Amino acid sequence: MAGFILARVLQAIPVLLVVCFLAFLLFAFVGDPVAIMAGQDATLAQRIALRHALGLDKPFYVQFVLYLGRILHGDFGLSYRLGEPVLQLFAARLPATIELSVTSALLALAVGVPMGVYTGIHRNSWLSRAFLTFSLIGVSLPTFLIGILLILVFSVWLGWLPSFGRGSVVHIGHFWTTGFLTPSGLKALILPAITLGLFQMTLIMRLVRAEMLEVLRSDFIRFARARGLPNRMIYFGHALRNTLVPVITITGLQLGQIIAFSIVTETVFQWPGVGFLFVQSITAADIPVLSAYLILMASVFVLINLVVDLLYYAVDPRLGIERRRPAAAQ
Amino acid sequence: MSAPATKARGGIGAHSPGPISRFLDSDLWYNFRRSPVAVIAGAVAFLCIAGALFAPWLAPHDPFNLASLSLSNSFLPPVPLAGSQWAFPLGTDDQGRDMLSAILYGGRISLVVGFCSVLFAAVVGVGTGLLAGYGGGVADAVLMRIADVQLTFPAILIALVVDGIISAALHQLHEATEIYIIVFAIGISNWPQFARTVRGSTLVERGKDYVMAARVIGISGPRIMLTHILPNVLGPVLVIATINLAVAIVTEATLSFLGVGLPPTNPSLGTLINNGNAYLFSGQWWITIFPGLALVIMVLSINLLGDWLRDALNPRLS
Amino acid sequence: MPLLEVEALSVEFPTRRGVLKALDRVSFAIRAGEVLGMVGESGAGKSLTGAAIIGLLERPGLISGGRILLEGKRIDGLPPEEMRRIRGRRIGAIFQDPLTTLDPLYTVGRQLAETMQVHLGIPGAEARRRAVDWLAQVGIPAPEERVDSYPHEFSGGMRQRVVIALALCAEPRLVIADEPTTALDVSIQAQIIALLKRLARDHGTSVMLITHDMGVIAETADRVAVMYAGRIVELGPVARVIRHPAHPYTEGLMASIPMLEERRGRLAQIEGAMPRLSAIPPGCPFSPRCPKVFARCAEERPELMPAGETEAACWFHAPALAEAAHG
């Protein structure tokens, strides 16, 4: 088991290095940090001094190593747009993104899995068809449009829920701010969480349904019927367990999708998270933030994949010998 | 049944009919005709494509001719409401542009970007998959490793990052070249799916007798890949491509909505939605909602077609 | 009274090109404690018969005629819940591929225990004890430990033994074994067949043994039914059918099995192939390939009729003609 983890970590390092390198390229060569930081009327001597201070006159590989060193100390530079250290900007916004992502993920699972199981078992009932139609629309509605529609209905027309921001937040410890503990915080969370979770919910539902249908056609289910086991045991014992194994992996990977789409959701609702920061930085060509975001994202995804692999290992006793490939895997 | 089966696929003494009559006799077409959802979705998709292709002729106004716009026409609501005009059936935006025309042109851009990026992803992906599956060994290991690593990141994120960074880097040039950047970004984010599927199918086909026979005859590797294996792996590719088309359109709309996609001078539906977003609270909802509706209809019909296609091509689900 | 009676069972598959008749008025009976073999080529309808009896016909197949009686009571067309109670408890089943028949995420002990708990109503501890006992009966070594193993920890032959245990653990009166040894190595086949035979005898269970392997039938069955194109063409005691087949198809089958003692230039074959379901000839389905065919064969379909010590569906044995032919 430890060997397994070590192997995965070792595999992840080259990927992270490549991403760091790309981030470094971006940081060092796109746009001219000196010009931006020194301003228009800096003299040549001042510019040269600044170049030296920033280490920009050293050889390429040296700069890369210095860059890596700085990163490992948490120094990602200063934002061009806001002038603050990038790490601080991220730290302030991370709790918002995490709270939003986790809430939507839980919502998506809580609604999507039961719906998927139901439509897998009762293939032709009208409720199943209704769910499926709803899911198809959910998949076809881009996240930002869902957000806009929700804002239109619940903020503009009904005035029940806020359309931007996070409400009032409570500070916990040094680092965390939470919106869960205030009524305005919770209210502000509702629309963005639904927006972000809806897409996931429909995907999970369709995934669970597809897996369920596939499992229900298998030989061992047929044999279970031949043994006269009641439907309850067949569906919720044998079939569900076999369905959930690949679903867990894919859902873990879906967490990545949530993080990706949180960028969109945060922008629509002006939710002060990392995603919104990213979008603002693109339009402002704020390179240090962009580079740091690349590295942050890569690390997060590597971590997610590792956790998912571990989960899979824990849940499926056959690992290493045979492994069933998910029916609905892309 | 009194007459013995004479389908092209079997039957002793059956002659070989041409491809069109084979298609019309096939299970695929039969399934299509019998499924009302598929037919409607197909019809709607067809209308969208036709509308988009013929936008310049269908649109009542040219929304991009700055000279023809007049601010006095701005913020007109859609037709049954007070203050509307029949010349602008879906209303106008803040600059006096006709929404209907803007939507037609916008839909056209959305579709074009969608198709091109899927084509790009398919070409790269199918080519890579064939090479990896047929060549095996190092090529397979390296190519699939790259694909797998890329698959650990969500496609939308890759598209966003690639697009965002290139746009930020080419700050000045970006307006004119934006459409190429987007096609590239979305295409690059989607190729691994094609590659993995095609590689799997290629591996299966490679082991089959007809490939071995071709090699024994001396047909070259590339030719086997193109003429023998490729036609047989295209089924799943078609399904993925259709679904991918919907995803590509939505991705482009998302990128444009975020402001890193197509610019307002050449707007796609996403750009239009973004533009209209600012006026939601002041009550001019149609500037955002109508392009949104058009987008949903387009994507929904393509998704339905893709779903139906996947079920129809899967012989196990009956 | 026979344990199982099948009377004129017909099974149809509606397809978009018409209705395919997969079983056409199949009739036979199985007595308590007997082993009936069902033999025939792929597609002859053997597995379908088994599936129809146990109520697991796959859509779009449906029973379009006839009756199935278990201990005198009709079981075809029963409501699903009642049929469920019969499955496992009164009729068991063994499937072909042991690698996919067992749920990979449940231990074998759990799969045994759940079956027994459902049908016999015994508490968990007792079910587990019996599970260990069953594993011992089917010849799994160290059953107290293996009872907590997962299916993938067993070899194919061992898994099939577990499947046999699962089929028998609820103590059914009849077991339908559908190609139980086809997916196994030849060396294991004999063991599994012997095991099945012994257990059936010990527990007084009847077996409907479906296979295309005449050798297995010869070893194991008391009587045999030969199927062709969805019908039974011969039915009788195994020794008689093998040594003195009455139906030309069975003759052809027996003749095509090479004997160790003989020397032959070529393997004997039956000309032609079994007809597709959409193109079954009128009258006797074997008539196009039959070496003894005459006019009546192509016009009227023969039912099973006495032919010496067996029964055969062949006009050759019709009383009047028999006299004329042997005349």
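Mentor: Helices (H or I, at least four residues) and strands (E, at least two) are DSSP runs, numbered from the N terminus. The model is predicted: local features need pLDDT of at least 70, side-chain atom pairs count only at pLDDT 80 or more, and totals for chains, interfaces and linings use all residues. Residues are numbered from 1 along each chain as its sequence is written, while chains are lettered from A and ligands numbered from 1 in the order in which they are written.

The part to look at is α11(A). A residue counts as buried if 20 or more other C-beta atoms, placed from the backbone, lie within 10 Å of its own, as exposed if 12 or fewer do, and as partly exposed in between. Seven of the ten residues of α11(A) are buried, so the helix is largely enclosed by the rest of the structure. The buried ones are A:V274, A:G275, A:F276, A:L277, A:F278, A:S281 and A:I282. After α11(A) comes A:A285, which has a positive phi, near 50°.

Next, the neighbouring chain. Two residues are in contact if their C-beta atoms, placed from the backbone, lie within 7 Å. By that test, 33 residues of chain A are in contact with 36 residues of chain B. On the chain A side, the elements that give two or more residues are α1 (2–29), α6 (126–140), α7 (143–157), α10 (231–269), α11 (274–283) and α12 (287–315).

A:V264 lies in helix α10 of chain A and is buried, because 27 other C-beta atoms lie within 10 Å of its own. Not counting residues up to four places away in sequence, A:V264 touches A:T143 and A:F144 as well as B:T254 and B:L258. From A:V264 to A:L22 there are 242 residues in sequence and 24 Å in space, C-alpha to C-alpha.

Among contacts in chain B between residues at least 6 apart in sequence, 68% join residues at least 24 apart. pLDDT is the predictor's confidence in each residue, from 0 to 100. Its mean over chain B is 79, and 84% of the residues of chain B reach 70 or more. Within chain B, helix α5 (residues 99–135) has the highest confidence, at a mean of 88, and helix α1 (residues 19–25) the lowest, at 61. Over residues 1–14 of chain B pLDDT stays under 50, and the model has 15 contacts for them beyond four places in sequence. Where pLDDT is low, the predicted coordinates should not be read in detail.

A nonpolar core is a set of buried Ala, Val, Leu, Ile, Met, Phe, Trp, Tyr and Cys residues joined through C-beta atoms within 7 Å. The largest one has 254 residues, of which C:A165, C:M208, C:L209 and C:I232 touch the most other members. Helix α10 (residues 221–257) of chain B supplies the largest share of this core, 18 residues.

Beyond four places in sequence, its contacts include C:V35, C:M38, C:A177 and C:I217. C:L209 lies in β8(C), opposite C:A177. Two strands pair if DSSP finds at least two bridges between them. β7(C) and strand β8 (residues 206–211) of chain C pair in the parallel sense over five bridges, and strand β6 (residues 91–94) of chain C joins β7(C), also parallel, through four. In the second pairing, C:G92 has C:V175 as its bridge partner.
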